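Subject: Two-chain model, handover and findings

Hello,

Here is the structure I said I would pass on. My notes on it follow below.

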Amino acid sequence: MSGKPRLTYINGRGRMESIRWLLAAAGVEFEEVFLQTREQLLKLGQDGSLLFHQLPLVEIDGMKLVQCRAILSYIAGKYNLYGKDLKERALIDMYVEGISDLMQLILMFPFSPPEAKEKKIATIAEKATERYFPVFEKVLKQHGQDFLVGNRFSWADVQLMEAILAVEEKVPSVLSGFPQLQAFKTKMSNMPTIKKFLQPGSPRKPPPDENYVATVMKIFKLD
Amino acid sequence: MAGKPKLHYTRGRGKMESIRWLLAAAGVEFEEEFIEKKEDLEKLRNDGSLLFQQVPMVEIDGMKMVQTRAILCYIAGKYNLYGKDLKERAWIDMYVEGTTDLMGMIMALPFQAADVKEKNIALITERATTRYFPVYEKALKDHGQDYLVGNKLSWADIHLLEAILMTEELKSDILSAFPLLQVSDHLISAWNVTHTFHCPALKAR
């Protein structure tokens with residue numbers, strides 16, 4: 001084993017993208033294996049590599065980790081992106097869970113029927129601007145620091161940055177009422193590890209397209 | 001704030017039940033304020049008590065915590081039910097995510113139409129016996145210990161017990177092929193009987 005974490009998924013964002021973001025933000029290089037057929041997935045299941053027969057799978061430190069949140073928690077803990085004590089961890093967890101709920105809408109969007117898409121975008125815009133972004137705008141305003149928790153870069157910042165960019169892809173003007181978040185976005189973009197991840201040729205995956213949807217349907221057999 | 005944790009939710013299981021279980025297993029007494037009408041929820045929202053306008057919300061150690069998983073992680077960490085290091089925590093997290101997926105399927109049932117519900121009950125039974133329970137049975141078998149992780153009671157065991165009991169309510173013989181889970185069921189119940197069965201919130205279902 002080369003020592004680098006190895007990510008197994010399909011060649012697209014899906015549920016692996018947050019993990020790519022976090023590893024990249026932590027400055028950790030990783031390898032990727034992209035599945036192209038359902039047979040490859042079934043084989044992994046038979047090998048015993050997948051605890052619950054599902055992806056994502058991340059091989060790291062001798063473990064075969066599955067379940068996004070378990071993987072993200074481990075990475076955050078290992079690379080000191082999880083706060084300095086239980087209470088900071090609680091804040092990070094709350095923020096990340098909230099953002100996850102917003103990201104879930106974005107995750108499911110490509111799979112909605114064409115006639116429902118416009119309404120879904122409106123829902124994403126509404127939730128972002130009325131429920132989630134105001135919370136983080138307020139947090140940043142109240143403490144006046146660069147990072148969400150403990151005046152230190154954490155998993156919560158990475159997750160928020162990912163969410164901002166993902167929502168902007170659907171709703172380009174979404175940050176117009178949020179000056180703190182605009183400043184946050186700029187600062188995050190200039191952090192060396194994130195800057196590198198945002199450049200072409202990085203492991204960051206493009207927005208999902210029809211090809212991605214077809215691959216997901218084929219390999220995961222969603223019905 | 002030295003008082004007992006205070007739980008805000010409706011008078012039912014839902015997303016708060018796992019939290020009640022974990023506090024009870026940790027031997028922590030708690031209070032509950034039940035949301036009974038729309039106005040109760042509106043009041044909490046207007047007070048600024050709900051970070052994302054949603055419940056569950058648990059007042060604990062001076063914080064108003066929201067998001068089920070965040071609350072559970074905090075309780076597990078505080079009461080030493082989260083393993084001894086990062087790797088044990090990773091295993092606990094993985095196991096808990098599995099039982100969360102299984103219980104999530106069961107919690108959705110009351111909101112489904114009769115035909116969809118029937119189909120999903122069959123799916124849940126299949127998933128429980130082919131995807132989830134085999135994992136926990138194997139974990140217990142492989143290390144021969146009483147608990148899932150680190151030879152010590154953890155959040156993973158409590159969550160699994162809750163999932164087993166919930167699945168048994170759907171199909172009483174669901175553990176018939178899982179001898180070690182049956183033992184673990186009784187072992188943890190026995191250990192916990194003082195807390196679990198004297199906890200009014202868990203009795204009032």
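Which residue in β4(A) does A:Leu57 stand opposite? A:Leu57 faces A:Val66 there. Please keep in mind throughout that this is a predicted model.

**Sheet of chain A**

In chain A, four strands make an open sheet in the order β2-β1-β3-β4, and the pairing is mixed. The edges are held by β2 (31–34) and β4 of chain A, each with a single partner strand, so each has one side without a neighbour in the sheet. From one strand to the next the twist averages 20°.

Strand β1 (residues 6–9) of chain A runs antiparallel to β3(A), and three bridges join the two. Within that pair, A:Leu7 has A:Val58 of β3(A) as its bridge partner. Helix α3 (residues 68–78) of chain A packs on this sheet and touches β3 and β4 of chain A. The direction of that helix makes about 125° with that of β4(A).

On the other pairing, strand β3 (residues 57–60) of chain A and strand β4 (residues 63–66) of chain A are antiparallel and joined by four bridges. The two form a hairpin with two residues between them. A:Asp61, in the turn, has a positive phi of about 50°.

**Sheet of chain B**

Chain B has an open sheet of four strands in the order β2-β1-β3-β4, with mixed pairing. Its edge strands are β2 (31–34) and β4 (63–66) of chain B, each of which pairs on one side only. The twist from one strand to the next averages 20°.

Strand β3 (residues 57–60) of chain B pairs with β4(B) in the antiparallel sense, over four bridges. Two of the residue pairs can be named: B:Met57 stands opposite B:Val66, and B:Val58 stands opposite B:Met65. The hairpin of β3(B) and β4(B) has two residues between the strands, and B:Asp61 takes a positive phi near 50° in it.

Helix α1 (residues 17–25) of chain B lies across β1 (6–9), β2 and β3 of chain B. The helix runs at about 165° to β1(B).

**Backbone points to check**

Most residues other than glycine have a negative phi, and most peptide bonds are trans.

- The peptide bond from A:Leu55 to A:Pro56 is cis, with omega near 5°. A:Pro56 sits in the loop between α2 (38–47) and β3 of chain A.
- B:Val55 and B:Pro56 are also joined by a cis peptide bond, with omega about 10°. B:Pro56 belongs to the loop between α2 (38–46) and β3 of chain B.
- B:Gln53 has a positive phi, near 65°. B:Gln53 is in the loop between α2 and β3 of chain B.

**Helix packing within chain A**

How do helix α1 (residues 17–25) and helix α6 (residues 155–170) of chain A cross? Their axes come within 10 Å and cross at roughly 125°. That angle makes α1(A) oblique to α6(A). The crossing is right-handed. On the α1(A) side the contact is made by A:Glu17, A:Ser18, A:Trp21, A:Leu22 and A:Ala25, and on the α6(A) side by A:Trp155, A:Val158, A:Gln159, A:Met161, A:Glu162 and A:Leu165. Sorted by class, this contact has seven nonpolar, two polar and two charged residues.

**Interface between the chains**

About 2,800 Å² is buried between chain A and chain B, with 66% of it on carbon and sulfur atoms. Of the area that chain A buries against chain B, 22% comes from A:Phe52, A:Met94 and A:Arg131, more than from any other three residues. The contact takes 31 residues from chain A and 33 residues from chain B.

One helix pair spans the two chains: helix α4 (residues 86–108) of chain A packs with helix α3 (residues 68–78) of chain B at an angle of about 160°, the axes being 8 Å apart. The two helices are therefore roughly antiparallel to each other. Their crossing is right-handed. From α4(A), the residues A:Leu86, A:Lys87, A:Arg89, A:Ala90, A:Asp93, A:Met94 and A:Glu97 meet B:Arg69, B:Ala70, B:Cys73, B:Tyr74, B:Gly77 and B:Lys78 of α3(B). By class, there are six nonpolar, one polar and six charged residues in this contact.

Regards

Key: Residues numbered from 1 in each chain as written. Chains lettered and ligands numbered in written order. Predicted model: local features only at pLDDT ≥ 70, side-chain atom pairs only at ≥ 80, totals over all residues. Heavy atoms only, no water. Axes fitted to C-alpha atoms, helices over the stretch in contact; angles between N-to-C directions. Parallel < 35°, antiparallel > 145°, perpendicular 65-115°, else oblique. Left-handed = near helix turned anticlockwise from the far one by under 90°. Contact = heavy atoms within 4.5 Å. Nonpolar A, V, L, I, M, F, W, Y, C, P; charged D, E, K, R; others polar. Pairing = 2+ DSSP bridges. Buried area = accessible area lost by both parts, 1.4 Å probe.
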